[in-house]
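I opened a new notebook page for this structure. My plan was to look up one residue, then step back to the whole chain.

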Amino acid sequence: MNFKLTLQYDGTDFHGWQMQGELRTVQGELTRALSLVDGREVVVHGSGRTDAGVHAEGQVASVHLQRDITPEKMRAAINGNVAPDLRVIDAKIVADNFHARYSARGKTYVYRVFNGPVLSPFWVRYVHQEARPLDLERMRACATLFVGQHNWTAFSAAQSDVETRIRTITRLEVTERRDERAHGRMIEMTVSADGFLRYMVRSIVGMLMAVGRGEMNSDNTKQAIESGDRSLVAETAPACGLTLVSVDYP
């Protein structure tokens, strides 16, 4: 049977999604737990890799099991064999040709920034703190430049095994709210695309924050996108503020 798993995890103590020898990773923990369930080595596919320190509210994985087991029992078995910073929220039996990565049509990430001088300990693992003022109107105006199909060479890792760096961003919103727990201003940058390259979201966020601080502008951003020159891009934002919200399927 082929199972679709919806996952949540706090990425702080993981070395990312992908298995890396003895290092603790999300894929590694799932593989270990599911191999116990199925009584054999299994292969777990994710919708995509998240880097060390990146969180997930709606990551998706798929796995084929030989054992006859209900989704509810499998979910309980996995959650009983992994630490509490990783949880299977939902499990479903799906068609044999479903693949968490290759069946995906798009993803949505959110990057959270607390814009204030003191960061609440309740947010320290999940947001990036920026004490300097951020101009949201400048950031929103710049965000419109990222929407559409572009070559994202300037906004991705130099080392990558992808065939093309062309991706289409369908949505990039910059919003703010007062967070009562943090007693201050929370800025959220939500981005949806048909796919993402490594460091792409964090590079875009870093650029938007530089624009918000007045260090860069929309012209700098446009030039970086069109030229593919990484030297024109601001510092990449830290991993802690990034969360994979959802993965879209047909």
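Which backbone oxygen lies 2.9 Å from a polar atom of the side chain of K107? I looked it up, and it belongs to S47. I count a polar contact as N or O atoms within 3.5 Å, one able to donate a hydrogen and the other to accept it, with residues adjacent in sequence counting only if both atoms are side-chain atoms.

Before going on, I noted that this is a predicted model, where local features need pLDDT of at least 70, side-chain atom pairs need 80 or more, and totals for chains, interfaces and linings use all residues. Residues are numbered from 1 along each chain as its sequence is written, and side-chain values use heavy atoms, without hydrogens or water.

Next I placed K107 in strand β5, residues 106-115. Strands here are DSSP runs of E, at least two residues; helices are runs of H or I, at least four.

I then listed contacts, meaning heavy atoms within 4.5 Å. Leaving out residues up to four places away in sequence, K107 touches S47, G48, V191, S192, A193, F196, L244, S246, V247 and D248.

Last, I turned to the whole chain. I found 5 helices and 10 strands. Buried residues make up 52% of the 250 residues. The C-alpha trace spans about 60 × 40 × 35 Å along its principal axes.

Technical notes
Buried means under 20% relative accessible area, exposed over 50%, partly exposed in between (1.4 Å probe, protein chains only).
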